[in-house]
Structures are given as C-alpha cells and as structure tokens.
Amino acid sequence: MASLSSSLSSPSPSFSSSSSSYSSSFSQSSFSDLPVMSLRKKIIEKIQENRVTLIVGETGCGKSSQIPQFLLEENMSPILCTLPRRFAVVAVAKMVAKARNCALGEEVGYHIGHSRHFSAGSKIVFKTAGVLLDELQEKGLNALKYKVIILDEVHERSVESDLVLVCVKQFLLKNNDLRVVLMSATFDISRYKEYFRDIGRGERVEVLPIPSSNQRIVFQRNVLYLEQIAESLGISSELMNSKYSHGLDLSKAYIKPELHKLIHDLVLNIHENEPDIEKSILVFLPTYYSLEQQWRLLKPLESTFKLHILHRSIDTEQALMAMRIWKSHRKVILATNIAESSVTIPKVAFVIDSCRSLQVYWDKSRKKESTELVWVSKSQAEQRRGRTGRTCDGKVYRLVTRSFFSNLKDHESPTILKLSLRIQVLSICCARSKAINDPKILLQKALDPPDPRVVEDALNLLVQMHALEKTPQRGRFEPTFYGRLIASFSLSFDTSILVLKFGDIGMLREGILLGIMMDTQPLPIIHPFGEDELFAKYVGCFYGDRTILTGRKEIEFMGNFCAFEFWQHIFKDKYRLEHLKQVLKTDNKYPAIQLMHKLEEDWCSFHNISQSSLYQVSEIYDDILNSVHCFRPKFLSSFRSLPPYYDPYEFKHTCQFKSESNAVIDVVTSDEEGLELSNETKKCVAVPYVTLNHFHSNDVAKMFAAIIKETRAQYTEDASSHQLEDFDVNGKSSPCVYFIQGSCNRGSKCSFSHSFQAKKPQCKFFFSLQGCRNGESCLFSHDMDRSAVSISPNVCLPEDNDVDAASLLNLFPKSTNRSILILDDTDLHFSSRLACNYPPSKMISTTCLSESTVTEPSLTGARILWGLNHPYQTIIAKSGQTLIPWNEVQCVLWFPCLDSYGENLDGQKRVLQNFFEYLSIRILADDLHEVQVIITMNNIRFSQLQVERLGRDCFFILTESFAFDETSFGALYDGVSPRRPMLISRPVSYVFSLHPPTEKLFGDYAATFKNYLLKIQNN
C-alpha cells in the first residue's frame, strides 16, 4: 500500500504555533513508482475474468490504496474494501480520498462502528470486517450490492474476518456476478485457493503475485536478531545470553523488565547513529501495560523524541497524529498490533519488534474472555517488518535469537478456535438469510472450523438462558424474542444481558449507558497515557465512592457514567436553551455550530473529558434505545414514571477555573461568558464535579454491583445446587484457610472452622468484572447468595398484545376547567372517536381545513379551531394572537401524519423537531409545567426518526408508553412493515413531560421566551 498522503500530516492550528516543526509525507508523484502500478491492466483483467482472485504483494507495494482505484476507473464500482482495524480503515480511506481529490464521505467513504462517513453515491467504501458481518447477518445478500468485494489483510484471523469469509463464500454460490478479491502479503495461498475451489464447476481461483522488483520504491530492509543487536550495542554475548536470550520459552511469552531497558538502549543507539532526524522508530509491544512501561523509560527524553501511542483505547484522530513527520524531534511510536498491517506510517526507518502479541481466549475457570501473551507467528513478524522499507531504507530489530525465531509458528492461530462463540452463535441464528443462519453448518464451513463441542456448548448455554429454543420438528435452534433483542445490540453478550436486567428494574437508560462504558474505547474521562494516578483522580471527580463497588473497572465505569450525565446536564442543557432562544429569531434561526463545537471542546477539556468519546457514547446510546423501541419488551410499558436520574434538575455546578500559567482563580458560572475563556489553558477546580447524591449514582452503583454479581453467577457450574448444605454443621461460617491447606497448627483454638462443609466467604474478585484468576483452586466461594440480590431471574419478554382504552383516558384531566388539546387532526378523525369516550366540552381540536369542510355530530360542544397550519400557527400564534386557551390545557395529543414526506426521513424529523421546539417554548413561556404531551405513532417509525432524542433535546422526557387502542379511538394509518423477525409494529402512545433545568443553573430563561412570544403576537 502506498504511503499516506500529506493530508494526514498537514499541520493543525494547535501545532502551527508550536516550537516543534514537522513536514508532510512523501509526494503524490511517488504513487506512479509503486510496484502495483505496472500490473494495473493485468489486475483488472484477472478480476473481471474470475469470481475469486488472490493478490499477494509485499507490504508497501500499493495494493490496498491503488487496486480499489483501478477498479473505479474501469467502472467496476461500487467497491467495498474491508480491513481488520478501525485505525487502518480511517487512515486508508483518508489517503485514497486525498489521492482522488475528493472530500471524505463523497466518492470515497468509510464505516467503522457507529461512525459512518459515506453517502449513497460513494464509489469506494472502506469498512471493518465487523461492520460488514453485521450487515450480512441483517441484510443477507443485499449487503453485498457491490460489483467487487475486497477483503484486505486476510492473514489476520479475527473471528469477524473468518465469519465474513465464510458468509461471502456462501453468497458467492448465489450471485454469479459478484467478484471477490482477497489480499495480503503473508497469507497461506494454497489454503485459500483450496477453500474457494468449490464455488462453481470449471471456475478457477486466480493467484496474482505483485513482484517487488522496482527498487526505486521498495527499499532495503535489514533484519537483525539478538546476536547482531548485542554486537551493535557493545554487549558481550555472555551478558546478552544471560539477560535476554536465556530462558526464551515457546510456551511463555512474558516480558522481563530487562527487555524494556534493552529497547530503551536500542532507541538511543539508533538516534546517536542516524543523522536524519526525520527517520522514525516504531516499537511493537503486546499490551497497554507494556506500552506504559516503555513510555515511562522514554518520557524523560521528550526533548529529543516525539512519543506517539497507537492502541485501541486512543482516539482515532489522536492516533493519526503518528503520521506526521517531525523535523525538530525524532518520532518514536509505541504500538500494539494495531499498526501491524495496512497503514504506511511515513519515514519509519526502524522497527523494534518484541515478537510478542496479546491473544484473547475463553477462560473456563474464570467464566469469561481473558488474554494471554503469546509469541507472534512468522507471518505477523513479516507484517511488522513491512512497516519499514516503504518510504526509506529500514532496519528491523527482532528481540529474539535467530534460532528461536525459526521455531515460531508460520501463521497465527485463528481466534475462532479460542472463544466460547456465544454471541457469534446467537448472531448466526438471528441472521435473515437461510444460507448463513445455522451455526452448526456454517461454522463447519469456516476456513478453520471450531470444535463442534464448543458450538454445542454455546448452543446449550443459549438455550439455558432462553436466548434460543430448539424446534422439535426440524431440530434447529431458533432465537427467542430475548435472543433477538440481545443480538440487536451493538454490545458484547454479557453487557447486553446487563442492559436488559437494568431494564427489568426500570433503569433502562442507566443500563444502556453503563453497558456502553463497559464495551467502548476510549471512554469519556480522559486517561492521560501512563498517568494512572492522575486518571484515578479524574474519575474521583465524577464518582468518589469506594464502598459499593469493589472492582477498579466498575468504579471507572461509574465515573464515566456520571461524567456523561454531567455533560448532558451542564453543557448540553445550556446548548439546548441557547438553541431554543434562536428558534424564534428570524435573523439567525440556529446558533453557530462551529462556534458551539469549539466552546464544547474547550469546556470538555476544562473538565478532563473527551468530546469525541461523549458523542460516540451518545450515538451508541440512541442506536440501542431505538432497537428497544422496535422490539418493545414488556418492561417498556410496565414502568410509568420519570427516569430515576432526574432529580428533577436540582443539580448545580459553578465552574472555578485555574490557569496553569498564573494560578489565578476566576469564578464564573457555566454560561457563555465562562465558556469563552477557551484561549487559555485552564482547568475547572470546583471538584468534585458530581457528588454521591447526584444522578442517583449510589442507587445505580448498587444495582450495577448486584447485576454484575448475578451475571457472573450464571456461569458457575450447577449454581442452583449450592444450598444450605454448604453451611458448617458446627455453626462456624468461615473455613480455616490453613486447615484446608493442611498446615493449621492452632487445633481447637482456631477461631475458624476445620470442617470441609463450612461455607466459604465469597470471593470478591469472582463477582467483579475482572473475575478470579484462581478458578476452582480459589479458597473463597464462587457461589452466589441469592438472598443478597434482588434482580429478577426472568428473561425479557415481549409486550402483551392487549390494549386498554383506560391507559390513555386515565391521563386526561378530571377537573371541569381543564381540557385536552388535539393538534392537527386534519379530518377530525381522532377527535370524533375521542368524543365518544371523553366529554366533548373538555376537548379543543385544531385542523388546517376550513370550517365548512367537515361536520361531525359527536363533536357537539367541542371547540374546533379551523384553518391553523401545524405546528407554527397552532402552538405559537396566528394573526397576532394565540387562539388556543393554553391556561386550560392539561394534555396535548398529536397523531403525526407524515405521508407528504414519503421516504424523506430528514423532512419527517424536521416536523417532529419543530413540534418539540415550539411546544417547549410555549410551555416554558406560559409556565405550563403540568402539561403532558402524548404522541401516538407507529413504534418502528418512532425508532427510525429517533423521536425520544428529539424530545430530549427540547427537555421533553419520555415517561411512559403503551399500545394505542385503535378500536376505541380510531385507526392510525401509519403501518410500517418490520424488516426483522419478532419486531413489533403497532401504534403506540408515547407520553412526554417537560423537565427543564432550574433557574438556579441558567437564570430566568422562561422570561426570555415570554418576551419572544409577546413580540411575535404584537407584530
């Protein structure tokens, strides 16, 4: 692949004033010298002639960046390219967009996680394998509406990559027009060729090697092992053997402290002997901890080196800073295998390879996925070698002996062989296409099929948890409602279960947020690299309790939960108020987005939280919440109250800024005046930002601890059999640890039990997110005391089909001087039916029709306001006056009719957004806080239009929802066909109430809205 373009190395304003300087990467003209360019015609011909083409090319030959462009120029678009890592997807997409002189998201786009930067007209789209797998399972063959599918870096054997491969193969058998290209520098060609040999009679799988003969661009790469490294550092062979090479064991890949010191010395040696300071050093280490250890050794040398970290917990945009070429400092990049393939980092001349990697596996004793250090394969080492010699000559230092390296595996073991496959099996069962929805069949067709017993265990566990059920007729495993709901979440298996357990106790929104914190990197609270104590201090500013939650991770997740709520209640609410103030201003309807974005960025920095991470959490939150609205589990209609985290709005925070330069304290409120202090480096020192009684954080933490405990206990073997027989017959509850080990010398004087039937104290580690490392040998109990947990054991069930007219009627006012307001009931269809169940004299209806158009006897006594266009004329004013007697209104009903917008979702959203904006202004200006708003619409449309978020952005909080009784109140002509099995599609009434912030926080904003309305009515 060619080098990244200068777009990734152009300076940003924050760097232009720095004392350090840097330059861009090599010129675009060098693309023409790439080895792949000479094979352009042949590559196109082979892909056109064959349905499957294997392309093998040296790292740096240009295949990842140029081949998609070859195909585009031959009108073989649209083209889908998958890469294994998010960092690579973004970097390559940016580079290709720059090369084609187009804005990212137009002709060239990408999709990683919930970040979508492409359009319907995009010709080349880069995605992670995980994103494509989700689309294949949801859309089947329709997910492959591309002319060419390029699966790049297929040597990386993640479980997502292997499942994409097997799914694509199944669909190749159904679509003769589809072209698939597999690319890598180091994959086992014969295995992949054999794997695709049965796609069709007489078809061949073409193998196309890209020669690396053009020495103008493929530079020299010299590989050195410990023997040569010792010589260059002046270390005797005896010392090298005793400190570094002695004890190298293929079964143990741990890192000794001496290895970090060796890397440190090697970096200094390279720097002293290489005069070109632009030539940078890339160090491969296996874990975050090892990156930290190395960073601490090199940090004192920051005047000489510019240190960059590449790890999945680092924000993508921040990681892309590693692409810059510094002229004043030598760049040193500390990276895990995130930098192993696909991406060219300009001017990397030296690679130091620890030859270790981190491997994920299912730990049966701890009942969770764990990690272990392993030696890399030769294939991985070759990929790492390929990170240099791309834009300049390079050297590779492998921190093992040559003889030891020769004994490493040729290729890494597939991840699919190491996991429990629970969520993968469930997702396969939920796939729409029958070609890929039988896990027993599909997984046995994988390139490396997992042990059938592992698949069987996963199926049995899912049946036990009621996520699957076995059909007696066909013997197939079908997902239950509970299983499909779990699979619809973009979260891990255990986290999805946690979210639904929170839903069962009426705390769905808190559960979603905590679940996202558990599965997302990077988190909102900034974690300065290598500064664990400082990070703990940041967390403590948002959540400081250490008594409810025992695990470090749980405390961090709660801290991030509180940080998100802090951002919502302080900054976002301020933004929402400012937005509402601008809505009625004709000269400037919306606030300057760029200015507000900058103010928000500064505000987040003041409080040590990441703006991009907060937005990522928000996107995932809305996605999961919308999925819940589509499925409508029973708990949605079971809880009818305000979400627990609303106090309501008694929370208050006044920023106290401390300048790092002059240490002067400025006290300001959290308004625009305070936010405008962004040009100075300041931090808010009014800590803690969130106290223990805010956002019901203690209640949430208690439920969080209980649910984690409950979830962990589900994986203990035969948990239900551990009853009272575990108690000591002598009445002593805790066993003597030394007696169990056979070493207690206190005999009868021992205050602990010497009975093997004694009830062991609970292991606090087993019931934390980390789990217990000791497994069955642990001296403490891994059984759960069910009496200590009040979580319902029932699985999540769908909403009942029953409808009850009383659910709606009970919300209507009983007082004779209060009314309901039905907005925009065009033909009075709903008003006439409501009049049969509620006194017409207490009804006010608006319609855009003229008075003579509709006559309905049942509406005798009702007040009909004719000729009003909704929502502006109904809610704000008409002809200088307000016709609606708002002081009488206690309940507002709206049945949105969005037919005129067709499939234009943006237009439909604008109508709903305007409704919430205008009604919020009206209620705030007229002090109508008791008014309830009931919107009745199809639940899937409600989800598609993200109506709950639109309401929340105007301070309307969804408090309850229930099925709408069409028999009593009239049919809702808004049917939406569900696209997935077990989705509920029905009319639902959603009840909102307005909960704005108090005046203590943002001043008398209601008076501002009142003045706006008076000006409009007086015009």
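How many of the eight residues of helix α13 are buried? Hi everyone, let's start there. What we have on screen is a predicted model. In helix α13, which runs over residues 378-385, six of the eight residues are buried, so to speak mostly covered. Those buried residues are S379, Q380, A381, Q383, R384 and R385.

Next, please find L419. You'll see this leucine in the loop between α14 (402-406) and α15 (422-429). Is L419 buried or exposed? With a relative accessible area of 8%, L419 counts as buried, because the cut-off for buried is under 20%. Leaving aside residues up to four places away in sequence, L419 touches V159, V360, Y361, W362, E369, Q424 and V454.

Now for the aromatic rings. The structure holds 26 aromatic pairs. One of them is Y225 with F405, a tilted pair with 5.6 Å from centre to centre and 55° between the planes. Y225 is in the loop between β10 and α8, while F405 is in helix α14, so this pair ties together parts 180 residues apart in sequence. Y225 is buried, at 6% relative accessible area, and F405 is buried too, at 8%.

Then look at F542 and F566. Their ring centres are 5.6 Å apart and the planes sit at 70°, so this pair is edge-to-face. Both residues are buried. Ring pairs also link F542 and F566 with F571, W603 and Y689 in a cluster.

One last stop: K169 lies over the face of Y195, 4.2 Å from the ring centre.

How values were computed:
Residues are numbered from 1 along each chain as its sequence is written. This is a predicted model: local features need pLDDT of at least 70, side-chain atom pairs count only at pLDDT 80 or more; totals for chains, interfaces and linings use all residues. Side-chain values use heavy atoms; hydrogens and water are left out. Buried means under 20% relative accessible area, exposed over 50%, partly exposed in between (1.4 Å probe, protein chains only). Helices (H or I, at least four residues) and strands (E, at least two) are DSSP runs, numbered from the N terminus. Contact means heavy atoms within 4.5 Å. Rings of Phe, Tyr and Trp (its six-membered ring) pair if their centres lie within 6.5 Å; planes under 30 degrees apart count as stacked, over 60 as edge-to-face and the rest as tilted. A charge sits over a ring if NZ of Lys or CZ of Arg is within 6 Å of the ring centre and within 35 degrees of the ring normal.
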